[in-house]
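Here is a walk through one structure, taken a step at a time. Have the sequence and the 3D view open as you read.

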Amino acid sequence: MNKIISSASAGTLESSDVYIEVEPSENNEVSVESVVLKQFGDSIVKTAESVLDELDIKNAKVHIIDKGALDCVIRARLETALRRAEKENK
Amino acid sequence: MNKVVNSIREAIKLAGLKDGMTISFHHHLRNGDYVLNMVMAEIADMGIKDLTVNASSLFDIHAPLLDHIKNKVVTKLLTDYMSAGIGHSISMGIMDTPVEFRSHGGRPADIELGRTPIDVAFIAAPTSDTMGNCTGKYGKSACGSLGYAFPDAMNAKKVVVITDNLVDYPLIDYSIPEIYIDYVVKVDEIGNPAGIVSGTTKITRDPVGLAMAQMAAKVIKSSGLLKDGFSFQTGAGGATLAAAKFLKEIMIKENIKGSYGLGGITGYMVDMLNEGCFEALLDVQCFDLKAVESIRTNPKHQEVSATHYAGPNAKSAAVDSLDVVLLGATEIDTDFNVNVNTDSNGYIMGGSGGHSDTAAGAKLAMIIAPLSRSRLPIVTDRVNCISTPGRTIDVLVTQKGVAVNPANKELKQRLVDAAIPVKDIHELKAIAESITGVPQKLKKGDKEVAKVIYRDGTLLDTIYNVPVM
């Protein structure tokens, strides 16, 4: 199991991008704000959970602010944020 | 005879405005308009209730109208377009009676045919003389054309001109003549010039927008319509303007002399006129300062009334002679129906304006739209609201290919022959969904908040409230 030990973020609030913040927590928790929440809200949560699974992380609080990013962008931004959070903040 | 009265309040009194009547406004001052708010504030203060407001368009500056709706001063709205700020509240279901959307041609038709009679019309006039000969071409609040105000002035029982530039009689270069005007009111300011016209309308620099625009120009070139006598209308959106720029380059290079440009007019259409692409501009509304300057000084740039622009009841209207119109869409479905009334979450944020009129009139009605916006595919099985019926749309241009309405076989063949990437509209939908994923369907509420009435008077669609999640 991989652990995140600090808070970190990735992405931007530009249209078609996503801004993701992560911080250590007891369990994985995912919350989503999105301009396409009604159309893709469930899908975004599912994507985030699958990224957490793939990276074998079980202690991340993930907050996603989505401006209509494609699935691959959400994956990349989340993975980046989590990798950053595996290291100490400097 | 003296038509000049001291205040808006006095004009409202003299016009005999009472509970339950209909008043009207036009929208040439756009998001800089002070007149609707000034008039409504007086009416509310006078205690008049239960009015129908027939406004050719409503902008966010008209937000005080929402309070007048809550206070039952206004109980019904008729309009052709409603910006997102007003539309959002309407979509929450604040009115008991659904809003009626008409097109820029359907509105004057229903006024003239007596289906939507007006008791008192208020004309925001950048310049008026003391008898009400008025125009939008001059004055500090100059807006150019007053096209949409003509049917109101000509058919309302009482007509009040409100101006911030009162001049001596007679104003020679008038748009609307005194014969229709009952009262004239001078106020300090009818609007904020910064909101009335934009300095310059900018062409898109977005590569996707430019790719679509280039494709659109190529479609026009290959349609067989681009020859001497060509007539054209385009919207003021970034991609449609870019298409106009590419079209201009083709017309100049091939020395094609068009007949007229139509519509809401921007500086780009003025450039096309000045560079010999058209013989004339027919102008129902000016979008920027260059257009205002042109309509004031160039006799080839002519003001037209809303009826002359697009009236389905007119013996002929300018849209009926149109070759090509370039239009936008928030959504288009596999039957080519177009939505420009609601956004991707179902909130009202627009309206037909001249969309459905020009689509019906033009020989080639083109939609330019990216394959997806903010992860939402542009092509759907069924649009959330039909603003323009698919039978009047000929072609959809996206950055990944062009879909031709199957009813227009000749066009399809011409585009295929020109090596334009023609695809079935279902295929464009599939390409988009392969990139974005398949969106979940929106849930509609159960309260009718607006009806979309087609230019022939039939009901096109009904818009429901957006339920709170």
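**A walk from a loop to the interface**

Let's start at Pro170(B), which sits in the loop between β10 (166-167) and β11 (183-186) of chain B. What kind of peptide bond joins Tyr169(B) and Pro170(B)? The bond is cis, with omega at about -5°. Before going on, keep in mind that what you're looking at is a predicted model.

Another loop of chain B has something to show in its backbone. Between β2 (22-25) and α2 (35-45) you'll find Arg30(B). Its phi is near 45°, a positive value in a residue that isn't glycine.

Now for the charged pairs. Side chains of opposite charge can pair when their charged atoms come close. Counting over all chains, the structure holds 30 salt bridges. One of them brings together the side chains of Asp119(B) and Lys157(B), at 3.1 Å from N to O. Asp119(B) belongs to the loop between α5 (106-112) and β6 (120-125) of chain B, while Lys157(B) belongs to the loop between α6 (150-155) and β9 (158-163) of chain B, so this pair ties together parts that lie 38 residues apart in sequence.

Next, let's look for empty space. Rolling a probe the size of a water molecule over the atoms shows where such space is left. The largest pocket has a volume of about 980 Å³. Its lining counts 42 residues, and those closest to the centre are Tyr81(B), Gly235(B), Ala236(B), Gly237(B) and Phe287(B). Several elements of chain B give two or more residues to this lining: β12 (231-234), α9 (238-253), β13 (260-265), β14 (280-286), β16 (324-327) and α13 (355-361). Which element gives the most? That's α9(B), with 3 residues. Sorted by class, the lining of this pocket has 23 polar, 17 nonpolar and 2 charged residues.

About 120 Å³ of space lies in the largest cavity. It is lined by 13 residues, with Gly346(B), Asn384(B), Leu442(B), Lys444(B) and Tyr464(B) the closest to its centre. The classes here come to 6 polar, 5 nonpolar and 2 charged residues.

The second largest cavity has a volume of about 50 Å³. Among the residues that line this cavity are Phe101(B), Arg102(B), Ser103(B), Asn341(B) and Tyr454(B). Its lining divides into 6 polar, 5 nonpolar and 1 charged residues.

Finally, move to where the two chains meet. Chain A puts 17 residues into the contact and chain B puts in 15. The size of an interface is often given as the accessible area lost when the parts come together. Here, the area buried between chain B and chain A is about 1300 Å², and carbon and sulfur atoms give 54% of that.

What about charges across this interface? The rule finds 1 salt bridge between chain B and chain A. Arg375(B) and Asp71(A) meet through their side chains in a salt bridge, with 4.0 Å from N to O. On the side of chain B that touches chain A, the residues divide into 8 nonpolar, 6 polar and 1 charged. As for polar contact, 6 residue pairs are counted between chain B and chain A.

Conventions: Residues numbered from 1 in each chain as written. Chains lettered and ligands numbered in written order. Predicted model: local features only at pLDDT ≥ 70, side-chain atom pairs only at ≥ 80, totals over all residues. Heavy atoms only, no water. Contact = heavy atoms within 4.5 Å. Buried area = accessible area lost by both parts, 1.4 Å probe. Polar contact = N/O pair within 3.5 Å; in protein donor to acceptor, adjacent residues only side chain to side chain. Nonpolar A, V, L, I, M, F, W, Y, C, P; charged D, E, K, R; others polar. 1 Å grid on protein atoms, 1.4 Å probe; cavity = no way out; pocket = protein on both sides within 12 Å on 5 of 7 lines; lining within 4 Å. Points joined across faces, edges and corners; volume = space filled by probe spheres on them. Helix = DSSP H or I, 4+ residues; strand = E, 2+ residues; numbered from the N terminus.
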